[in-house]
Amino acid sequence: MRDSTQFKEIQVFPDIKYLLLMGVLAMAPLLSGLTNAATVDWTGTVANSCVVTVGSNGVLGLSLDGKSLSSDQATGMPAMVTVASTTTNVVTFSQPTLALRATGYLGTPAMYTKESSNKGHLKDWQPISYQETIQSGDTVFDFHAKAQDENTFPMGIYRMSSEVTCAPPN
């Protein structure tokens, strides 16, 4: 018969053996050079988006000779137009119109627009609609308007209008 001291040693020994076996099994993938990996992907879609925002409308000032109302005059100010685009798009500046005229003004002025931008676009006075191709990002335009007549403009309120649109190139 065994004494109780030997019996306890026999009971402890299998526990240590079990722990060592579990440790070796846990380290086996590292020791064998095998790794477990998974690939994680992200997907997304960039749609063609083009948004036109008027930051501020322009102000028409009168020339010294009274024959030109223009945002280019000392008392005038250009409109600020921002076009935010996700890709290449075409911005169209429509032919300007005299949307409001002073009472008593019966003339038919020549009307023009011109623009410049933070991305190097530059057009001189244009009497017709015209286009600019823009790239992705924000393009900020200084947009000017001018009404010119061989006669002077009478006192009153005037408003010129032009539409700015953005669309994919054809």
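Author: Happy to! Let us start with two terms: strands are DSSP runs of E with at least two residues, numbered from the N terminus, while helices are runs of H or I with at least four residues. Two strands pair if DSSP finds at least two bridges between them. This is a predicted model, in which local features need pLDDT of at least 70 and side-chain atom pairs count only at pLDDT 80 or more, whereas totals for chains, interfaces and linings use all residues. Residues are numbered from 1 along each chain as its sequence is written, and side-chain values use heavy atoms, leaving out hydrogens and water.

Now to our sheet. Three strands form an open sheet in the order β9-β5-β12, and their pairing is antiparallel. The edges are taken by β9 (130-134) and β12 (164-167); each has a single partner strand, so one side of each is left without a neighbour in the sheet. On average, neighbouring strands here are turned by 25° against each other, direction ignored (the axes are lines fitted to C-alpha atoms, for helices over the stretch in contact, and angles run from 0 to 180 degrees between N-to-C directions).

Let us zoom in on one pair. Strand β5, residues 89-93, joins β12 in the antiparallel sense through four bridges. Within β12, A167 is the residue that V90 stands opposite.
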